[in-house]
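Student: I'd like to learn how to read a model like this one. Can we go through it together?

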Amino acid sequence: MFKSVLSVCANHCKPSLLVRNYGKHNKKFLYKDGVKVNNIFYYPRENDAHSLPETGEPSKLFRVRRIKPVKGCPHWEKRILRDLGLYESNAVAVVKNIPENNARLWKVKHLIEVLPIRFPHGEPTEADVNYTFLKENGDCVVVKDITSRAVRDDRLESAVQFTKTEERMDGETLRKDSRLKWLNPW
């Protein structure tokens, strides 16, 4: 009886679907569609021209975004994503372009999107750090407010005063009031 059940299972079950292989693969036949720029191979996702760097200096920083879920991934890939700060969905991190980080990014390249950070108006100075803005295409732009510092300080002070007033309704009062309005709408 046991042999017949085993033979039926052997005939109908495909062993390749039951076991996931985490071993090394032969990289000799993979990654043939790369674009070579300055002796470095780049593998753009769908022939994106903006993902290829211009000829010249490589970027110092990368904008890395997680685009695939981590469910079903092995623990070492999850650890790499957690170390990079990309464990939450659609998380974005800025990573230095150094060999150690590039090796880590290569191991999880199927889960992330990597864009070089460009500075179209030059790199920001130390005084401009508070005014920088990183766009989704990888451009880092310095945006300074036209309003003066005194106006911003006045706004901040008024916001602090608003949070400290006793007339302001707290969260618990709002929840009770909303619940009463829901129960007795008229």
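Predicted model: local features only at pLDDT ≥ 70, side-chain atom pairs only at ≥ 80, totals over all residues.

Student: How many helices and strands are in the chain?

Tutor: Helices (H or I, at least four residues) and strands (E, at least two) are DSSP runs, numbered from the N terminus. Here you get six helices and seven strands, in the order α-α-β-β-β-α-β-α-β-β-β-α-α.

Student: What share of the residues counts as buried?

Tutor: Buried means under 20% relative accessible area, with a 1.4 Å probe and protein chains only. In this chain, 17% of the 186 residues qualify.

Student: Which residues is Ala 93 in contact with, leaving aside neighbours within four places in sequence?

Tutor: Contact means heavy atoms within 4.5 Å. Ala 93 sits in strand β4 (residues 92–96) and touches Phe 62, Arg 63, Val 64, Leu 84 and Leu 86. Val 64 is 29 residues away along the chain, yet the two C-alpha atoms are 5.2 Å apart. Ala 93 is also buried, at 10% relative accessible area.

Student: How many disulfides does the structure hold?

Tutor: A disulfide is a covalent bond between the sulfur atoms of two cysteines. The test is a pair of cysteine sulfur atoms within 2.5 Å, and the structure holds zero. As for accessibility, Cys 73 is buried at 14%, and Cys 140 is buried at 13%.

Terms used:
Residues numbered from 1 in each chain as written. Heavy atoms only, no water. Buried < 20%, exposed > 50% of the residue type's maximum accessible area, 1.4 Å probe, protein only.
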